[in-house]
Amino acid sequence: ASTCEICGSWLTTGPRAVPLSSSAKCRAHGGFGKVALRRFPTLSRASRNFSEFSASDGQLLEVLEQEPSAEFFRVRAQQAKRYREPGNTAVAEGWIRHVYLEWPPDTAANLPPPSMPPAF
């Protein structure tokens, strides 16, 4: 896999991996009870990599795809809250790290362990 020269995210060429489950629950660990959605799958914490929307603790998310390392999953959140301001939107999509997802019991045992992508 190759990486983007600007943001460091992995570039996918060819078919994308299909997630083992179509849904997962968000588990925000402390803070404001929200997890900011990323614009693309990267470990970089630069603010340009995050969207203005978030997933809330306990919110059911639709899982759309996973990137090759299984560290990040692209999700769709209904009634997504803004991360830093009040307000929400009907639907938001973004990437979220696997540590913020709680999988259904039948799926959790079948998930491969993530292999950390390079940090840029």
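This is a predicted model: local features need pLDDT of at least 70, side-chain atom pairs count only at pLDDT 80 or more; totals for chains, interfaces and linings use all residues.
How many helices and strands does the chain have? Here are some notes to get you started.

1. To answer that: there is one helix, and there are nine strands.

2. On to the chain as a whole. It runs to 120 residues, and 38% of them are buried. The accessible surface is about 6900 Å², with carbon and sulfur atoms accounting for 52% of that area.

3. Then there are the contacts. Taking those between residues at least 6 apart in sequence, 61% link residues at least 24 apart.

4. Have a look at Ala-70. Its phi is positive, about 65 degrees, even though it is not a glycine. Most residues other than glycine have a negative phi. Ala-70 sits in the loop between strand E6 (60-66) and strand E7 (72-82). Ala-70 counts as buried because its relative accessibility is 7%, under the 20% cut-off.

5. Gln-79 is another one to check: it is not a glycine either, yet its phi is positive at about 50 degrees. Gln-79 lies in strand E7. With a relative accessible area of 47%, Gln-79 is partly exposed, since that value falls between the 20% and 50% cut-offs.

Terms used. Residues are numbered from 1 along each chain as its sequence is written. Side-chain values use heavy atoms; hydrogens and water are left out. Helices (H or I, at least four residues) and strands (E, at least two) are DSSP runs, numbered from the N terminus. Buried means under 20% relative accessible area, exposed over 50%, partly exposed in between (1.4 Å probe, protein chains only). Contact means heavy atoms within 4.5 Å. Accessible areas come from the Shrake-Rupley method with a 1.4 Å probe; for residues, only the protein chains shown count as cover.
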